[in-house]
Amino acid sequence: PKRIDEFVAKKIQSRLKLAIRGSTAKKVFGKFDKDGGGSLDAKEFRRMIRVGLKIGKIDISDEDIEALIVALDDDGGGTLSIDELADFVERGSATFHAGPEEKKPEEPEKKPEPIKAKKLRKGARRKIDEKVANKIQARLKAACFGSTPQKVFSRYDKDRGGTLD
């Protein structure tokens, strides 16, 4: 069987993270679980990729989707449970053929803190932390997947002046 390419896996992981943002994995994946069994079969998973995430065959082939299913299907049942998918969203390719990561009971689930902008005096420049810059870059790349940065940013350019205020 074909092995999933790391780049393709990251692309899907990024899109899934965006889809779940502001919701839960169970709600997002549950929309595509037509039989209500708590897992997605290959057809349901492919539909989620194609329709829900709007990823076409040009970007990711059906063979890549099949390879991803094999890599994520920890129990070999041919379906992906919500837990297997949520684990992939959180840990990426580290979950391939590995089984879900056990969470320590004493470890509370952490929510990312929103980044707050501080007012600077006019004309002042401030260095941005590299970790924060990398996070922003990753989210922007995911948001622009299948589109162009110009199209994405134009949605937020209220006055159509070519800049974001």
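At what angle do H3 and helix H4 (residues 62-72) pack? The views below take this up after a note on the model.

**View 1. Confidence along the predicted chain.** This is a predicted model: local features need pLDDT of at least 70, side-chain atom pairs count only at pLDDT 80 or more, and totals for chains, interfaces and linings use all residues. Residues are numbered from 1 along each chain as its sequence is written, and side-chain values use heavy atoms, without hydrogens and water. The protein chain averages a pLDDT (the predictor's confidence in each residue, from 0 to 100) of 76. Of the residues, 67% score at least 70. Helix H3 (residues 42-52) has the highest confidence, at 91. Helix H7 (residues 149-154) has the lowest, at a mean of 68. Helices are DSSP runs (H or I, at least four residues), numbered from the N terminus.

**View 2. The packing of H3 against H4.** The two helices pack at about 120°, with axes 11 Å apart. Axes are lines fitted to C-alpha atoms over the stretch in contact, and angles run from 0 to 180 degrees between N-to-C directions. Ala-42, Phe-45, Arg-46, Ile-49 and Arg-50 in H3 meet Asp-62, Ile-65, Glu-66, Leu-68 and Ile-69 in H4.

**View 3. Gln-13 in helix H1 (residues 6-20).** Gln-13 is buried (under 20% relative accessible area), at 12%. Beyond its neighbours within four places in sequence, Gln-13 is in contact (heavy atoms within 4.5 Å) with Phe-88, Val-89, Glu-90, Arg-91 and Gly-92.

Methods
Buried < 20%, exposed > 50% of the residue type's maximum accessible area, 1.4 Å probe, protein only.
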